[in-house]
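Morning, everyone. Please bring up the sequence and the model on your screens. I'll go helix by helix.

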Amino acid sequence: MGSSDRLFNRQRTLHEILGGGQVADLILWRRKNQTMGILLVTLAVWVVFERSGYTLLSLVSNVFLLLIVILFLWAKSAAILNRPAPPLPQLHLSEEIANEVTAFIRTRVNDLLSVSQDIALGKDSKLFLKVAAYLWLISIIGGLTDFLTLAYTIPAIYERYEEYIDMYILKGYRKLCFLHVKINEKYVRRVHNWILEKKKLS
């Protein structure tokens with residue numbers, strides 16, 4: 001299967017895009033026992049949250065509260081008993097790392113905003129159709145299932161039936177492009193020309 005037959009004309013496989021390591025194997029169900037174990041642990045955690053009434057925020061807050069109390073009491077008792085203080089690693093974020101992360105995020109956000117502006121101002125009709133089609137598809141799929149199920153099943157299904165899925169999506173995309181050209185020639189240009197004539201007359 002050539003790169004032109006794949007979505008986004010990509011050269012790499014889905015496994016390589018996901019990193020090609022153990023995480024990619026887990027997401028794509030190549031290590032079925034480990035993936036099933038993670039799913040069962042996730043399900044158990046969800047059941048505990050549902051039954052106990054805890055939310056993730058309240059649980060994390062309580063764990064941090066307990067940790068801080070233990071460390072505080074340990075440090076105070078160590079000072080009284082002349083024992084060593086709790087061994088804590090030196091937590092420090094260097095300015096270099098902060099600048100790199102900031103520059104990376106800023107570049108990505110600016111690219112996204114630039115593309116969004118092009119779509120909103122009607123500068124790139126093909127990109128608008130792509131984004132609209134993907135958002136519509138995500139909306140339909142999201143209405144049928146939840147995010148956790150999608151995160152675990154969609155990549156594995158896509159990898160297994162990649163050729164068929166890519167083929168049908170590309171066919172649909174070509175039909176949408178053809179429809180866009182047809183609508184553009186038939187209606188949009190007429191309206192555009194009509195507006196230009198009105199401006200010339202006034």
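Start with α4, which has 25 residues. From first C-alpha to last, α4 reaches 36 Å, close to the 36 Å expected at 1.5 Å a residue. The expected span of a helix is 1.5 Å times one less than its number of residues. Helices here are DSSP runs of H or I, at least four residues, and strands are runs of E, at least two, numbered from the N terminus.

A word on sources. This is a predicted model, where local features need pLDDT of at least 70, side-chain atom pairs count only at pLDDT 80 or more, and totals for chains, interfaces and linings use all residues. Residues are numbered from 1 along each chain as its sequence is written, and side-chain values use heavy atoms, with hydrogens and water left out.

UniProt, in an unreviewed entry, lists residues 55-75 and 133-158 as "transmembrane region". Its positions are given in the numbering used here, feature names are shortened, and annotations may be inferred rather than shown by experiment. In the model, residues 55-75 are 95% helix and 0% strand. The end C-alpha atoms of that stretch are 30 Å apart.

What follows α4? Asn82 does, with a positive phi near 55 degrees. Most residues other than glycine have a negative phi. Asn82 sits in the loop between α4 (56-80) and α5 (95-120). Is Asn82 buried or exposed? Asn82 counts as exposed because its relative accessibility is 71%. The cut-offs: buried is under 20% relative accessible area, exposed is over 50%, and partly exposed is in between, with a 1.4 Å probe and protein chains only.

Pro84 is in the loop between α4 and α5. Pro84 is exposed too, at 63% relative accessible area. Pro84 and Trp74 are ten residues apart in sequence, and their C-alpha atoms are 9.4 Å apart in space.

On to α5, where we find Val109. Val109 counts as partly exposed, at 40% relative accessibility. Val109 also belongs to a nonpolar surface patch of about 660 Å², together with Leu93, Ile97, Val101, Phe104, Ile105 and Leu113.

Now back to α3, residues 32-52. Its 21 residues should span 30 Å at 1.5 Å a residue, and the end C-alpha atoms are 30 Å apart, so the two agree. After α3 comes Gly53, with a positive phi near 85 degrees.

Next, α8, residues 162-201. That helix has 40 residues and reaches 55 Å from first C-alpha to last, close to the 58 Å expected. Where does α8 bend? At Asn184, by about 45 degrees. That bend is the angle between axes fitted to the seven residues ending there and the seven starting there. Glu162, Asp166, Leu170 and Cys177 are buried in α8.

Finally, the whole protein. The count is eight helices and zero strands. Of its 202 residues, 10% count as buried.

Note on methods. Patches are made of residues with over 30% relative accessible area and no salt bridge: like charges are joined within 9 Å, nonpolar side chains (Val, Leu, Ile, Met, Phe, Trp, Tyr) within 5 Å. Accessible areas come from the Shrake-Rupley method with a 1.4 Å probe; for residues, only the protein chains shown count as cover. A salt bridge is a side-chain nitrogen of Lys or Arg within 4 Å of a carboxyl oxygen of Asp or Glu.
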